[in-house]
Amino acid sequence: MRKNIVIGNWKMKINHQSAQKLIDDMIAGMPSVDADIAVCPPYLYIPEVGQRLADSNIALGAQNVATHSEGAYTGEIAAVMLNDFNCKYAIVGHSERRANYADTDETVGLRFKQALDANIIPVLAIGELLEDREQGNTFDVVAKQLNAVLDFVGIESFKNAVIAYEPVWAIGTGLTASAEQAQEVHLYIRQLLAEKDAQIAENIQIIYGGSVKPQNAEALFAMSDIDGALVGGDSLSADSFLKIYSSFQK
Ligand code: PEP
């Protein structure tokens with residue numbers, strides 16, 4: 001049986017003081033929910049946030065990971081470095097990295113593999129642009145992004161991975177895919193994986209991202225193939241993020 005999970009992506013939208021307060025507020029308000037929860041701070045705050053989370057059930061993640069394990073890669077952070085701070089997850093292929101930092105299907109595959117090789121669970125973000133959806137290409141785009149990584153690392157590597165379906169038009173825009181729109185793509189992703197390995201497809205957590213809020217979380221989580229959420233904006237408020245997390249209970 002799959003466990004649900006919510007992952008907060010703080011992006012570059014927080015400072016040192018507000019990161020400390022956010023974690024303290026989350027720990028103080030943590031409800032008892034039988035689901036996983038994680039936060040992805042900016043790299044710089046990972047050591048301190050990790051220390052604050054040490055006795056909590058909140059796991060730590062990174063927003064990205066380098067394509068290589070070491071070397072002359074100025075400004076990059078290797079998966080093994082994240083290991084030193086007990087990072088459990090690393091987001092790879094976020095649409096903001098694809099759009100603004102030239103991440104490609106190929107580099108996303110390299111990042112995915114780097115994370116796995118360091119025993120970090122990659123959270124593979126895939127999703128279509130608005131024009132892709134309008135032109136009826138959603139499934140093709142999602143399949144291309146997923147297959148690029150699958151072909152590179154193999155289906156076995158998805159035993160320890162999370163997939164985040166994030167329609168780009170819904171990220172940070174306040175527009176959310178309807179629960180039915182999201183479910184349709186999640187089911188498609190699961191079916192693609194099932195063609196290679198039914199058990200892995202059944203077990204993998206496929207989470208939705210794109211303006212998830214307390215108001216829409218419950219409907220999304222009620223869908224059979226939506227196993228949680230990758231949350232940007234609303235992960236910056238302990239109250240909102242914990243309400244989203246609590247929506248599994250309902
Ligand atoms: C994200 O950045 O992955 C995201 C889903 O952001 P938001 O929740 O703000 O749309």
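This is a predicted model: local features need pLDDT of at least 70, side-chain atom pairs count only at pLDDT 80 or more; totals for chains, interfaces and linings use all residues.
Biologist: Good, let me try it out. Why is asparagine 119 called exposed?
Modeller: Its relative accessibility is 70%, and the cut-off is over 50%, so asparagine 119 qualifies as exposed. Asparagine 119 sits in the loop between H5 and strand E5 (121–126), where helices (H or I, at least four residues) and strands (E, at least two) are DSSP runs numbered from the N terminus. This asparagine also has a positive phi of about 60° although it is not a glycine.

Biologist: Lysine 11 is in a loop too, between strand E1 (5–9) and helix H1 (16–29). Is lysine 11 buried or exposed, and why?
Modeller: Buried, because its 14% relative accessibility is under the 20% limit. Lysine 11 is another non-glycine with a positive phi, about 50° here.

Biologist: What makes the protein as compact as a globular protein of that length?
Modeller: First the parts: the protein has 11 helices and 8 strands. Its radius of gyration is 17 Å, close to the 18 Å of the globule rule for 250 residues, so the protein is as compact as a globular protein of that length. The radius is taken over C-alpha atoms, and the rule is 2.2 Å times the number of residues to the power 0.38. Along the principal axes, the C-alpha atoms fill a box of roughly 50 × 45 × 35 Å, and 54% of the 250 residues count as buried.

Biologist: Why does arginine 98 count as buried?
Modeller: Arginine 98 has 16% relative accessibility, which is under 20%, so the word applies. Arginine 98 belongs to helix H4 (residues 95–100).

Biologist: Which backbone oxygens lie by polar atoms of its side chain?
Modeller: The oxygen of glycine 93 is 2.8 Å away, and that of alanine 125 is 2.9 Å away. The limit for a polar contact is a pair of N or O atoms within 3.5 Å; within protein, one must be able to donate a hydrogen and the other to accept it, and sequence-adjacent residues count only if both atoms are side-chain atoms.

Biologist: And what joins the side chains of aspartate 105 and lysine 144?
Modeller: A polar contact of 2.8 Å. Aspartate 105 is found in helix H5 and is buried, because its 16% accessibility is under 20%. Beyond four places in sequence, aspartate 105 touches Arg98, Lys144, Gln145 and Ala148, contact meaning heavy atoms within 4.5 Å.

Biologist: Why is glycine 109 buried?
Modeller: A relative accessible area of 1% is under 20%, so glycine 109 is buried. This glycine lies in helix H5 (residues 105–117). Outside its sequence neighbours within four places, its contacts are Val149, Phe152 and Val153. The C-alpha atoms of glycine 109 and phenylalanine 152 are 6.4 Å apart, although 43 residues separate them along the chain.

Methods: Residues are numbered from 1 along each chain as its sequence is written. Side-chain values use heavy atoms; hydrogens and water are left out. Buried means under 20% relative accessible area, exposed over 50%, partly exposed in between (1.4 Å probe, protein chains only).
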